[in-house]
Amino acid sequence: MKRTTKTTKTNEAAPKEYTLSDGITQSMLSNFIKCRVAAQLSLQRWGSPAPRRATQFGSLFHVMLQDHYRSGGSANPLSTFKTVATRWERQAVRAGDTIQDIQKDLACATALFPAYVEHWKKSDQKKTWLEVEQVFDIKYEGVRLRGKLDGLFQTKDGSVWILETKTASQISEDTLNLALTFDFQCLFYIIAIMNKFKCRVNGVLYNVIRTPQIGRKEDKGSSAYVQLLREDIQSRPNFYFQRFELSFPKQKVDLFGVELGQKLEDFIAWWDGKLPTYKNEFACRARWNCEYLPVCSCGGNPEKAGFKKNKTLFSELLDE
């Protein structure tokens, strides 16, 4: 059967506010690879009206790590928590989070963060931090790539590593170890940093923090609940804190660079209207449901689904 591709009016709804000169982030390119409709809605800045609870605790913990590592690890962790909690709570209220959810996140953080600092204290003291939560803005094969690193450090032997932090309630070590060997985000960041600093990046330290899932009848913001969390974390720190050292050989990085160039070409051709926009139904439900599932289910109208325009396209590049 002869394949035909329509190139006229395939991208009528392509975002007018975005231009290629604004750059491409790994999340933007990931959206395009997963589903072109999701990418289109994202580029138009459509966002869900409901707070994304799955990401709120991760956001809180990232800000604490940012302040901690920017201080060189010298700040008292409880002082760091209190400083961050004050401004994060205001942000969470504006985002529409409930008081109960905010109290639970803060309770988890006040128990988890000091324990994290103590658990990795000796290991982190051996690192020289080159960047913490810093944005990059580079040219790769003529395309502007943008992003933000959790951290970049150098070890005593002179090797350079990227720190990538994730919070998760469930961790499958076998699946994680397999997937991380060719992780798109990790390799995207390696390519970016190698181009920015013209240096060899040895790999990524994948820093995983397990979100406490303990429940009890007492209020989850109470001191009794915090104490329960502290006791559980202290009894099994290796359950809550895991790190995976991922070394990427030059051959693998070079291959990814070639594939990245091809993906960027496809993205640019799509944005120019030379490739069609269509749904990828297989991306609607995975580990997490697609944010735009309600839009597609009601005929593709974001306003009908209650979505609103986000203030900025590159929210991940903003300083917390």
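A: Helix α1 and helix α2 (residues 36-43) pack at an angle of about 145°, and their axes lie 5 Å apart. On the α1 side the contact (heavy atoms within 4.5 Å) is made by M28, N31 and F32, and on the α2 side by R36, A39, S42 and L43. By class, 4 of these residues are nonpolar, 2 polar and 1 charged. Ala, Val, Leu, Ile, Met, Phe, Trp, Tyr, Cys and Pro count as nonpolar, Asp, Glu, Lys and Arg as charged, and the others, Gly among them, as polar. Axes are lines fitted to C-alpha atoms, for helices over the stretch in contact, with angles from 0 to 180 degrees between N-to-C directions.

The model is predicted, with pLDDT of at least 70 needed for local features and 80 or more for side-chain atom pairs, while totals for chains, interfaces and linings use all residues. Numbering starts from 1 along each chain as its sequence is written, and side-chain values use heavy atoms, without hydrogens and water.

The protein chain has 12 helices and 8 strands, which are DSSP runs numbered from the N terminus (helices H or I, at least four residues; strands E, at least two). Of its 320 residues, 44% are buried. Buried means under 20% relative accessible area, exposed over 50%, and partly exposed in between (1.4 Å probe, protein chains only). Among contacts in the chain with a separation of 6 or more, 78% join residues 24 or more positions apart.

Helix α2 is largely enclosed by the rest of the structure, because 7 of its 8 residues are buried. Those buried residues are R36, V37, A38, A39, Q40, L41 and L43. R36, A39 and L43 also belong to the contact with α1. The cover over the buried residues of α2 includes α1 and α11, together with β2 (46-47) and α12 (293-297). After α2 comes R45, whose phi is positive, near 70°.

Helix α1 (residues 26-34) also meets helix α11 (residues 250-271): their axes come within 11 Å and cross at roughly 75°. From α1, the residues M28, L29, F32 and I33 take part, and they meet L260, K263, L264, D266, F267 and W270 of α11. This contact of α1 with α11 has 8 nonpolar residues, no polar ones and 2 charged ones.

Helix α11 has 22 residues, which should span 32 Å at 1.5 Å a residue, and the distance of 31 Å between its end C-alpha atoms agrees. The expected span is 1.5 Å times one less than the number of residues. Its buried residues are V253, F256, G257, L260, G261, L264, F267, A269, W270 and W271. The buried residues of α11 pack against both α1 and α2. They also pack against three strands, β1 (24-25), β3 (128-140) and β4 (143-154), and against helix α8 (184-197). Just after α11, G273 takes a positive phi of about 85°.
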